[in-house]
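Biologist: Hi! I'm new to this one, could you walk me through it?
Modeller: Happy to, let's have a look together.

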Amino acid sequence: MRPLLLPLLVANAFLRPAPRTAPSRRPAATLEPPVQQQTLNTKEKVAILLLNLGGPQTTADVEPFLYNLFADPDIIRLPSAIGGLQTALAWLIATRRAPKSRAAYESIGGGSPITMYTMEQGRLLEEALNSGDSGVEYKSYVAMRYWHPFTDEALDKAVADGCTSAVVLPLYPHFSISTTGSSLRALLSEMQASHPQLMASHTVVPSWHDSRGYVNLVARLVAEELDGLMRDVGPLNPGEPPPTVLFSAHGVPVSYIEEAGDPYKGHIEKTVRLVSEQARKLHPHPASYELCFQSRVGPVKWLEPYTDAALEAIGGRGCERIVVVPISFVSEHIETLEEIDIEYREVAEDAGIKHWRRAPALNLDGEFIDELAHQVTSAVNKPVVSSVEACVVNAFDLRDEPLGVLPGVEAAPVELINTKTATVAIAIAFIFELLADDRLVHVLGVGAV
């Protein structure tokens, strides 16, 4: 490893994040105990902060987007002895992966639609919440983790618009330290440092993986695709296996679950169980329901079964009909439009699966907007004293060790998160991936190529 460190140190000395492409780097603040809860006056404005990862809107955005992603210590956490190499490693990985990523985005039109969908989700949510006379005016703001509009941009706009309380709603139904955890860490640090008035009166929705509205919506989409599949292809032939409903979730390293106590896997499994039960009621014909995980990278072990292996196994047992369900993805983006629709569909066809359908992401479905509105009003009304009660602060400890209890979730051993242990694994994975690239190994002077 020693030959790698010197070039990294040299690269790190010259690397500087671009002023408006990299995320804001305001000084982090240690959270103090929240001040006493405030009370909303009639028609006081409440900000709805919609958290998501974001995505490049053009191919020119791809490399800086990747840099922002890999510069996040919740994605790659280096050991403290070499923590100063974070930006250099992020630059190297982004540079290496950018050409392939640009080609993937070009295959879906040149950029990710996630920002467009998220902005429209926020607009529709705002309309739904303000349709009645609640005594409160809700205003939605999109806070992306790795691309515009960034977290600090959303908070600045909310305060400029006169919002004095906030509901923080991650658009990840299932909590993971790499998604909700990272987004909350950035948001609450920024809020504490720059906008303490929102910090004093806010509430966090940590997850909504088992919400009845969410479960019913996904089950309806599954049943609709199954019905369409059977209608298009016709009844099963004698001896033909029933269709398979394959839920494909984004994977995480196993170490996140087993060593850091990330509740993500349990959340996903519960959603799949509840959705499968409801879908069977809506589509009573035979079907097999299975779960797999996509988007693994590097040599470390990720959650299994992997999506490509699951597709090969399904085809290997003679099943020719499949409905793929992107679970936990609320908007179409690169992992649904390119990874599932193009890459995995080719795997399925090669495995002998002849009839393919894919359930859509939730996007702008009316039931989804209703579910988001339910999450917001539930967050506001849970501690209700009056109809215009202010949002209640859920303390979230931003310190590295211990991270503390997930906001709004009762304390349990599985929900005590230590991000340092988990993210070292992914750091090692990417370093190995770098070393496996002959071009970069040669550039770095590691061995003879």
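**Strands and salt bridges**

Modeller: Let's start in strand β8, where His 355 is the bridge partner of Arg 321. Keep in mind that this is a predicted model.

Biologist: How do β7 and β8 pair, and over how many bridges?
Modeller: They pair in the parallel sense, over 4 bridges. Between β7 and β8 the chain passes through helix α12 (residues 334–350), making a right-handed β-α-β crossover.

Biologist: Which strand pairs with β7 over 5 bridges?
Modeller: That's strand β5, residues 244–250, also in the parallel sense. For example, Leu 246 stands opposite Val 324 in β7.

Biologist: How many of the residues of β7 are buried?
Modeller: 6 of the 6, residues 321–326, so the strand is largely enclosed by the rest of the structure.

Biologist: And which way do the side chains point from β7?
Modeller: Arg 321, Val 323 and Val 325 point one way, while Ile 322, Val 324 and Pro 326 point the other, and all are buried. In a regular strand, side chains alternate between the two faces of the sheet.

Biologist: Switching topic: how many residues of β1 are buried?
Modeller: 8 of its 9 residues are buried, so to speak "mostly covered"; β1 spans residues 44–52.

Biologist: Which strand is joined to β1 by 9 bridges?
Modeller: Strand β2, residues 136–144, and the two run parallel. Glu 44 stands opposite Val 136 there. β1 also pairs with strand β3 (residues 163–170) in the parallel sense, over 7 bridges, with Val 46 and Ser 165 as bridge partners.

Biologist: OK, salt bridges now. How many are there?
Modeller: The count comes to 21. One of the pairs is Arg 357 and Asp 232, at 2.7 Å from N to O. Arg 357 lies in strand β8 and Asp 232 in helix α8 (residues 212–233), so this pair ties together parts that are 125 residues apart in sequence.

Biologist: Is Asp 232 buried or exposed?
Modeller: Exposed, with a relative accessible area of 56%. Arg 357 counts as partly exposed, at 22%.

Biologist: What does Glu 349 form a salt bridge with?
Modeller: With Arg 345, where the closest N and O atoms are 3.6 Å apart. Both residues lie in helix α12, 4 residues apart, about one turn of the helix.

Biologist: Last one: which residues are linked in a network of salt bridges?
Modeller: Arg 220, Glu 224, Asp 365 and Glu 367 are linked that way.

How values were computed. Residues are numbered from 1 along each chain as its sequence is written. This is a predicted model: local features need pLDDT of at least 70, side-chain atom pairs count only at pLDDT 80 or more; totals for chains, interfaces and linings use all residues. Side-chain values use heavy atoms; hydrogens and water are left out. Buried means under 20% relative accessible area, exposed over 50%, partly exposed in between (1.4 Å probe, protein chains only). Two strands pair if DSSP finds at least two bridges between them. A crossover is right-handed if, with the strands pointing away from the viewer, the path from the first strand over the helix to the second runs clockwise. A salt bridge is a side-chain nitrogen of Lys or Arg within 4 Å of a carboxyl oxygen of Asp or Glu.
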